[in-house]
Amino acid sequence: MKATPAAAPRPSRSRVRTTSIAAFVVLAALVPTTAAATGTQEVEAELPYVCALPSGQLPATVRVSAEFPERARAGEAFTPSGVTTTVRLPAEAVADLAAPDAAEVRAATRLDVGVAQNTATATATWRGTAEPVALPETGPLTLVATGDVPSVAGRGDGDLTFSAGALAIDLALGAAEGAATDAATADPGSLTVDCTLAEDAPERGLLATVPVGTGAPGASGAPSSPEPAGTSGASGAPDDGQPDGTGEPRPEGQSERSPKVLENGGAPDRDDVPPCRYDEQHPPTDVSLNAYITGYANVNKMKGAAYLPPSCVLIEQGLPEPGPPDPDYLIFDTVSYADFHYEERKQTPPFEATFLSFDFAPVKATMVMEQTGPMRIDSRMKIRLSDFTTITDTYVRAPLVLRVLDLEVNGTPLDVGSGCRTRTSLTSKDPDPAHFPGDHLVLYGRGEQTVGLPATGYLLLSGGALSGEMSVPAFTGCGSDGEDLDRLLTASVSGPGNFVKQVQGQTCAIAAPVFPSPENEGQCTEDLQPYEIPVAER
Amino acid sequence: MKKSIRRSALVACAAASALGLAAVPSSAAPSTVWTVTPSPSSFKAVNVGNIVLTATIPMTCTTSTAAGTMASTTGNPGDVADITTMNFGSSTSPCTSVLGNVTTTSVVPWDVIAVDYNASTGVTTGYVGNVKANVTAGACKFTVTGKASGTYTNSTGYLAINSTAGELVVTNPVNCGAVVTTATKPTFKGTYAVTVASTGAIPKIVGSNP
């Protein structure tokens with residue numbers, strides 16, 4: 001199947017707008033682990049903003065500093081580094097924040113950065129957190145936020161521009177020392193301030209220009225064609241930048257494709273992801289949820305990463321039970337269970353990964369991950385009694401064997417037979433091996449919330465990023481007609497210490513569905529599939 | 001046993017501090033005539049700062065809006081306004097908690113009830129009554145009903161809601177486990193800027209005892 005428009009709904013502030021067809025579905029199956037070593041350009045832009053504060057619209061100054069590469073190659077991902085967002089709110093704004101007892105303020109920033117190449121655009125969200133600062137008695141308030149930002153890759157030749165857009169500032173006001181710290185309602189308050197770039201901002205908020213393409217130095221290390229191949233398998237499997245010749249001819253006008261924001265770019269189109277719904281064989285209960293999950297798994301031996309396309313997971317949400325007594329926390333534990341769901345089987349859809357085996361032979365494998373038992377999801381919610389800060393730690397334990405369906409080495413198909421898979425489940429070091437023996441993959445995610453501010457991080461219901469490290473066991477049953485491919489696969493893939501990062505989307509609760517409306521962010525489609533198709537992150 | 005003691009303590013703390021904030025000096029004689037300007041009028045309200053709803057765990061809404069009608073009335077308490085639209089969250093900014101995103105569907109109308117008026121500050125003390133909202137977080141569903149104490153300040157047009165523990169109750173909790181039960185005492189805290197829908201002016205509420 002050919003790549004299709006990628007305007008999948010992703011109803012959040014970081015929603016990506018794309019003007020280009022065939023832009024985002026082409027995600028990297030193999031992500032170069034090293035970027036081109038070129039010079040860097042240091043950027044510092046001071047921009048006028050207008051912020052909506054309780055007393056009205058007030059001017060603010062936002063200074064953004066970051067380092068960008070001087071040039072980049074088409075398809076080459078790079079990450080702006082040293083990103084600092086400094087927000088200076090005027091004295092009038094400080095007066096708005098000066099609630100009784102408020103002495104200090106903690107801030108987090110979310111800056112929309114427009115990334116454009118030729119006429120194609122995408123949006124990245126640059127998140128930053130600031131150290132707590134004292135609220136000044138007089139004069140302006142300056143907040144300095146730092147944080148990591150998404151990688152970006154230009155899709156063709158042409159200048160890649162970065163421009164600052166809307167800015168949201170989450171502010172948590174802390175009580176003065178010695179003031180009441182007894183309960184949530186004693187919190188002096190918190191608010192989210194939305195700011196827009198002032199109309200008179202120089203160059204419409206331009207932060208940096210990175211020339212891409214001709215004349216740019218080449219990447220080192222991992223293989224990549226000069227321009228992405230831009231095709232997609234029937235399952236939506238990615239195939240970016242691979243010189244394997246399997247792609248269909250590139251459509252015209254690809255030079256206009258959107259730049260690729262690797263960490264919060266666009267999601268694949270719904271037509272390109274497998275359905276995710278309960279059915280007669282899998283009837284829902286009143287605690288049934290469904291969600292998509294997608295992400296990358298590094299394969300260290302191959303110096304690359306395999307991309308798992310959005311895969312359907314059916315979840316039975318557990319009921320929170322009181323956790324162990326703790327003098328400082330109120331604790332609730334929840335155990336939920338989940339299954340992958342693809343064509344009535346407990347497995348992922350087939351996905352392709354292309355690597356350079358032994359640094360020279362391109363190997364393309366089509367694989368699935370199959371469950372050998374239920375996936376168990378343990379969530380522990382801890383409410384700190386001193387300030388009602390809440391944290392939810394979630395461990396997902398999944399017994400999954402990796403099955404190889406097809407294999408091509410140097411363009412030549414090799415018959416792996418019908419029983420080619422890892423000997424055991426992919427394994428991780430379990431933090432609680434006494435209670436969770438046996439081989440399984442462990443992924444971890446944390447969600448947090450300061451009273452009065454939005455929750456952040458991974459939460460089973462609303463999704464987020466889960467990460468872990470896995471060992472790939474030896475392969476068995478690979479090959480036919482006397483040709484034993486076990487050793488080839490084991491030698492080139494199996495091994496420890498492979499980083500895994502999977503992003504789960506918002507769940508759809510079948511018995512309490514939330515459909516998109518002006519009042520509500522959509523959680524379910526009309527036919528009770530997950531509304532959100534998440535985007536893989538690295 | 002130990003756990004339940006701790007949870008009671010937590011609720012007590014919340015109640016104590018909420019009471020402290022809600023206490024406003026009473027005027028000498030209770031107001032029985034409530035003059036709303038303009039009257040009658042349609043109003044709209046938008047949150048100033050984030051709204052925090054707590055049902056054992058706190059939930060944050062960065063966007064919340066309300067609309068309705070207000071009019072002069074007599075009696076004490078006096079029903080000075082009907083809230084006919086009450087939204088928590090929006091399509092781009094859902095309410096969040098560590099349980100996950102929270103969807104709140106208000107069952108309107110709610111009432112704004114005036115009880116006391118301080119002529120020197122222009123602050124009316126009272127509560128939002130007839131509160132009813134259906135809340136969901138994943139498979140967890142429950143209904144919150146009751147009232148929420150608050151104040152209205154003529155100079156700012158701020159309706160500050162700061163409910164005390166016990167004013168709101170939970171009914172019909174389903175699939176919420178131990179986190180939300182019928183023993184849970186929800187609270188509703190947040191400030192709304194109220195304006196006359198047609199003019200954007202700040203409406204006034206004045207209580208008197210002729």
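Residues are numbered from 1 along each chain as its sequence is written, while chains are lettered from A and ligands numbered from 1 in the order in which they are written. Because the model is predicted, local features need pLDDT of at least 70 and side-chain atom pairs count only at pLDDT 80 or more, whereas totals for chains, interfaces and linings use all residues.

Confidence is considered before the structural detail. The predictor's confidence in each residue is given as pLDDT, from 0 to 100. Chain A has a mean pLDDT of 80. In that chain, 79% of residues reach 70 or more. Over residues 178-187 of chain A, pLDDT stays under 50. The model has 29 contacts beyond four places in sequence for this segment; two residues are in contact if their C-beta atoms, placed from the backbone, lie within 7 Å. Over residues 216-256 of chain A, pLDDT again stays under 50. Here the model has 121 contacts beyond four places in sequence. Where pLDDT is low, the predicted coordinates should not be read in detail.

The contact between the chains draws 56 residues from chain A and 44 residues from chain B. On the chain A side, the elements that give two or more residues are β11 (189-197), β18 (321-322), β19 (329-340), β22 (375-384), β23 (390-398) and β27 (441-449). Helices (H or I, at least four residues) and strands (E, at least two) are DSSP runs, numbered from the N terminus. The most residues on this side come from β11(A), which gives four. By class, the side of chain A that touches chain B has 33 nonpolar, 17 polar and six charged residues. Ala, Val, Leu, Ile, Met, Phe, Trp, Tyr, Cys and Pro count as nonpolar, Asp, Glu, Lys and Arg as charged, and the others, Gly among them, as polar.

The largest nonpolar core has 132 residues. A nonpolar core is a set of buried Ala, Val, Leu, Ile, Met, Phe, Trp, Tyr and Cys residues joined through C-beta atoms within 7 Å. A residue is buried if 20 or more other C-beta atoms lie within 10 Å of its own, exposed if 12 or fewer, and partly exposed in between, with C-beta atoms placed from the backbone. The members that touch the most others are Ala297(A), Ala306(A), Tyr307(A), Val313(A), Val404(A), Val80(B) and Leu99(B). Strand β17 (residues 304-316) of chain A gives the most to this core, with eight residues. Leaving aside neighbours within four places in sequence, Val404(A) is in contact with Ala365(A), Met367(A), Val416(A), Cys420(A), Arg421(A), Cys478(A) and Leu489(A). A second, separate core of 54 residues includes Ala72(A), Val113(A), Ile169(A) and Ala172(A). In soluble globular proteins, nonpolar side chains tend to be buried together.

Chain B contains one helix and 15 strands. Of its 210 residues, 50% count as buried. Among contacts in chain B between residues at least 6 apart in sequence, 67% join residues at least 24 apart. Strands pair if DSSP finds at least two bridges between them. Strand β4 (residues 64-70) and strand β6 (residues 78-88) of chain B pair in the antiparallel sense over seven bridges. Ser64(B) stands opposite Phe88(B) in β6(B). Five bridges join β6(B) to strand β9 (residues 110-118) of chain B, also antiparallel. There, Ala81(B) has Val112(B) in β9(B) as its bridge partner.

An open sheet of three strands in chain B has the order β5-β1-β15, with antiparallel pairing. Its edge strands, β5 (73-74) and β15 (204-208), each pair on one side only. Strand β1 (residues 33-37) of chain B is joined to β15(B) by five bridges. Val36(B) stands opposite Ile205(B) in β15(B).

The peptide bond from Thr37(B) to Pro38(B) is cis, with omega near -10 degrees. The bond from Ser39(B) to Pro40(B) is also cis, with omega near -10 degrees. Pro38(B) lies in the loop between β1 and β2 (41-55) of chain B, and Pro40(B) is placed in the loop between β1 and β2 of chain B. Thr56(B), not a glycine, has a positive phi of about 65 degrees. This residue is found in the loop between β2 and β3 (57-61) of chain B. Thr56(B) is buried, with 25 other C-beta atoms within 10 Å. Glu203(A), also not a glycine, has a positive phi of about 50 degrees. Its place is in the loop between β11 and β12 (206-212) of chain A. Glu203(A) is exposed, with 11 other C-beta atoms within 10 Å.
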